[in-house]
Amino acid sequence: MNRNIVLLFLIVLCGCTHRNQQTESVEEVVVARDTVIHLKDVLDLSEEVRLSEIADSITYIPLETKPDCLLGDNISFRFTDNFILTVPRLMFDWNGCFKGQIGKQGQGPGEDPSMYASLLESKEHYYTVGNKIIEYDRNGKYTGKEVSVYHLCSAQDSSRVYSLFRNVEEALAENSIVLYQYPDSLIWVNNDFKVHHVTRVVENGNIKVGGIFSNKTDNFFPRYKNKTLFYNFYNDTVFSVSSNGLSPEWIIDLGEYKLPNEITLYKLGPLMREAIHSSAMNSSELMTKTDGKIAVSNVYESDHYLFLFYYKNYYFAASRNLPPQKLQLAIYDKQTKKLTNVKEARLIDDFHNGPKFFPTYGAFEEKLISVKWPYELKDYVEEHRSSGKLSPRLIELADNLKNDDNPVLIVVHLKKKM
């Protein structure tokens with residue numbers, strides 16, 4: 001999968017802003033480095049991995065196609081025990097049936113101006129998070145509770161106001177909504193929609209990231225069992241998230257290959273401008289210090305494995321006539337401690353002889369999840385039909401799809417016993 005990096009230049013200051021320019025006291029996370037995954041040791045190695053080595057089966061879930069749930073190219077998915085959630089706030093069950101939409105775009109009460117508001121599900125409520133945080137009951141009815149993310153008050157001091165212009169993702173952790181204020185802080189919001197905790201997730205310094213680097217498949221808050229995890233590539237640590245803080249779980253060791261924070265956090269904006277205006281971009285400070293360095297973009301956990309998504313960094317690759325950056329995949333076996341760098345970042349489908357599998361949306365509840373559009377599956381089956389190797393199930397699926405149908409989730413069910 002090509003990694004399409006979107007740079008959104010924002011005219012905002014880094015950090016949480018306060019109308020009186022006070023600085024919130026934040027918790028510094030101390031990491032006990034006891035569980036280390038040495039990704040640096042396998043970067044030059046790769047192995048073929050067949051799905052049958054780690055999984056029992058594959059399920060195909062065509063998402064229902066109706067006028068009120070048509071999905072476009074710019075979709076992203078998140079998952080709960082009950083639903084497959086998409087932007088904009090649509091819900092499908094795990095059979096692919098459309099179950100409705102929570103909230104809608106607009107300016108009125110219970111409406112969010114953002115077309116990209118995301119959807120969270122708790123046991124008692126749904127929440128949408130975009131320009132506002134809005135609460136709905138289990139029937140999808142607006143409860144009357146909402147707050148602007150640009151005017152979040154502190155639970156301890158009502159005069160302290162947080163303005164989250166750089167919120168890139170959110171998650172539920174126990175009884176709190178946790179917002180990632182990119183790139184430096186996590187903000188905990190309680191049931192009264194007040195900020196009750198703040199944690200800094202990068203070292204102190206004058207941050208100059210120049211904008212937000214994001215991808216629609218980025219997931220800073222993956223789930224494992226009943227835990228919410230947090231990871232970003234600035235930090236080498238995978239954390240579990242509670243209602244009032246972080247606990248370290250895993251360390252990703254890249255050694256000298258790590259994309260340096262001294263550039264990506266504290267010099268990136270100025271160095272990008274310098275490189276753009278340079279007559280020798282390839283020899284600019286930005287390129288000489290970051291070309292070929294590694295960033296781990298996503299980490300997912302299952303009972304037996306960790307799945308690490310990473311890429312080699314080359315800023316302005318297209319302008320420099322370099323190949324597009326591609327996500328790579330490494331699998332860490334929690335029992336044997338073996339780390340496998342997957343060849344071409346694709347798992348071989350030896351169940352149905354379908355397309356090589358890349359878990360675009362990572363792992364959730366012992367499942368690896370990818371998405372294909374109908375035309376992709378139909379084209380693949382048409383190309384390989386005469387080989388006699390495709391499973392009847394895959395052929396039947398492709399033949400029953402229409403090119404303009406909603407996408408198909410490909411769900412790989414991981415082995416429960418090893």
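Tutor: Contact here means heavy atoms within 4.5 Å. Please keep in mind that the model is predicted.

Student: Which residues of helix α6 are buried, and why do they line one face of the helix?

Tutor: An α-helix has 3.6 residues a turn, so residues three or four places apart point the same way. In helix α6, which spans residues 392-400, the buried residues are L394, L397 and A398. Viewed down the axis of α6, these buried residues fall within an arc of 95 degrees, so they line one face of the helix. P392 and N400, on the other side of α6, are exposed.

Student: What do the buried residues of α6 pack against?

Tutor: Their partners are β4 (55-62), α5 (374-384) and β32 (408-414).

Student: Which residues of the largest nonpolar core touch the most other members?

Tutor: In soluble globular proteins, nonpolar side chains tend to be buried together. Here the largest nonpolar core has 65 residues, and F307 and L347 touch the most other members. Once neighbours within four places in sequence are set aside, L347 is in contact with V49, L51, I54, L329, I331, V342, K356, F357 and L368. A second, separate core comprises 20 residues, among them Y224, I252, I294 and L308.

Student: How many disulfides does the structure hold?

Tutor: A disulfide is a covalent bond between the sulfur atoms of two cysteines. This structure holds zero disulfides. For C69, the nearest cysteine sulfur is that of C97, 10 Å away, whereas a disulfide requires sulfur atoms within 2.5 Å.

Student: Is C69 buried or exposed?

Tutor: C69 counts as buried because its relative accessibility is 0%. C97 is partly exposed, with a relative accessible area of 35%.

Terms used
Residues are numbered from 1 along each chain as its sequence is written. This is a predicted model: local features need pLDDT of at least 70, side-chain atom pairs count only at pLDDT 80 or more; totals for chains, interfaces and linings use all residues. Side-chain values use heavy atoms; hydrogens and water are left out. Buried means under 20% relative accessible area, exposed over 50%, partly exposed in between (1.4 Å probe, protein chains only). Helices (H or I, at least four residues) and strands (E, at least two) are DSSP runs, numbered from the N terminus. The arc is that of the directions from the helix axis to the C-beta atoms. A nonpolar core is a set of buried Ala, Val, Leu, Ile, Met, Phe, Trp, Tyr and Cys residues joined through side-chain atoms within 4.5 Å.
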